[in-house]
Amino acid sequence: MSSPYLHIDGVRKVYNDVVATDNVDLTIEQGELVTFLGPSGSGKSTTLYILAGFQDPTRGDIRIRGKSILSIPPHKRQIGMVFQRYTLFPHLSVGENIAFPLRVRRMNQSEIAERVTRALALVRLTGLEDRMPAKLSGGQQQRVALARALVYDPPVLLMDEPLSALDKKLREEIQVEIRRIHQETGVTILYVTHDQDEALRLSDRIAIFNRGRIEQVGTGPELYENPATHFVADFIGDSTFLAGEIAELANGKVSLRFSDGTQLSPVRLHGDGRRGGTAELLLRPERVDLAAEPGGTGASLPVTVEDAAFLGNAMLVSVRTGWGQQIVIRIGFGHPLSGRIKRGDAMHVRWNPETASAFAKG
Ligand SMILES: Nc1ncnc2c1ncn2[C@@H]1O[C@H](COP(=O)(O)OP(=O)(O)OP(=O)(O)O)[C@@H](O)[C@H]1O
Ligand SMILES: [Mg+2]
């Protein structure tokens with residue numbers, strides 16, 4: 001079997017008594033753009049720092065093409081890095097900032113000049129090489145940082161929330177640039193963010209971090225369609241969870257019963273459940289339907305309409321179940337009930353039992 005390009009192999013990092021990462025395992029193909037997405041403190045930066053060589057793992061290994069890089073010092077790892085805050089040298093011009101990694105590598109003057117010109121063009125800052133960093137906007141500063149990280153053609157680029165200090169419009173603009181640069185250079189990128197939209201926009205694959213572990217890895221659509229855990233289902237996309245009692249459990253499927261006595265037809269269960277225990281049914285706003293009739297499949301619940309709002313191309317309808325839980329449903333413009341739903345209506349929320357899933361609760 002051929003070894004993967006980059007292998008983060010069972011990496012654990014303990015600081016005194018804090019477990020920052022616990023058995024992080026991930027393989028990355030050459031030229032992939034993988035984002036680490038997760039809440040604050042979930043171990044994303046720690047994993048990047050271990051890749052860069054700024055931290056040593058307590059256990060585990062980092063391999064490139066099957067060979068451990070742990071004994072290689074950071075400046076010899078050929079890994080570029082862009083951080084959250086601007087880290088330009090304030091006393092050096094844009095051109096000199098970008099040239100810095102080349103001077104450290106003792107490249108000759110004409111090659112330095114040529115590469116700096118190319119890197120400036122890559123981040124679309126041609127003509128600004130003599131500016132000082134203080135005279136640049138935030139977005140321009142991050143472009144310079146990106147050019148400096150890429151100027152010596154590292155095969156791997158690490159980016160730790162590089163856009164989080166920028167406003168939304170600028171962030172989206174530079175996201176497009178990062179995708180373009182990724183395609184033009186073929187560099188393998190590991191990108192940390194806690195912004196779901198940013199991860200979905202940028203990534204080939206997303207690794208969802210939670211409490212120092214990777215909960216699931218996949219493309220955006222895979223994670224959205226097929227979340228393996230409650231945490232992932234909650235983190236990616238909009239979701240409503242309906243907690244019910246496990247009335248039946250067979251062949252990996254559960255029937256849930258709710259406190260108003262309604263029992264549903266079986267859906268796939270994630271995690272370990274037992275009869276009498278609790279599981280939560282996941283409903284996505286655009287995957288459920290609203291109808292006057294129950295539908296007869298057992299995959300529906302009687303509800304009362306609380307509010308219906310027009311969004312232009314859709315309606316957002318808020319309903320309440322018999323036991324008082326709110327569910328939000330998105331209804332397209334062509335829907336037979338569109339424009340005819342009003343507060344107080346008795347309706348049924350319906351879904352497809354084949355694609356629905358539930359998550360066992362601890
Ligand atoms: N140098 C350190 N010394 C002690 N604990 C640390 C150190 N660095 C990180 N930690 C702890 O390790 C855990 C993971 O931190 P990490 O910085 O990797 O999280 P993160 O996912 O990058 O979070 P954020 O989104 O806030 O940047 C946290 O509990 C943090 O407090
Ligand atoms: Mg971090």
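Tutor: Beyond its neighbours within four places in sequence, histidine 194 is in contact with Leu37, Gly38, Pro39 and Ser40. Contact requires C-beta atoms, placed from the backbone, within 7 Å. This is a predicted model: local features need pLDDT of at least 70, side-chain atom pairs count only at pLDDT 80 or more, and totals for chains, interfaces and linings use all residues. Residues are numbered from 1 along each chain as its sequence is written, while chains are lettered from A and ligands numbered from 1 in the order in which they are written.

Student: Why is histidine 194 called partly exposed?

Tutor: Histidine 194 has 17 other C-beta atoms within 10 Å. Buried takes 20 or more, exposed 12 or fewer, and partly exposed lies in between, with C-beta atoms placed from the backbone. So histidine 194 is partly exposed.

Student: Where is histidine 194 found?

Tutor: In the loop between strand 8 (188-193) and helix 6 (196-202). Helices (H or I, at least four residues) and strands (E, at least two) are DSSP runs, numbered from the N terminus.

Student: Which residues surround ligand 1?

Tutor: Among them are Tyr15, Val18, Lys44 and His194. The test is a C-beta atom, placed from the backbone, within 6 Å. Helix 1 gives the largest share, 3 residues.

Student: How do the shell residues of ligand 1 divide into nonpolar, polar and charged?

Tutor: The shell has 3 nonpolar, 8 polar and 1 charged. Ala, Val, Leu, Ile, Met, Phe, Trp, Tyr, Cys and Pro count as nonpolar, Asp, Glu, Lys and Arg as charged, and the others, Gly among them, as polar.

How values were computed:
Contact = placed C-beta atoms within 7 Å.
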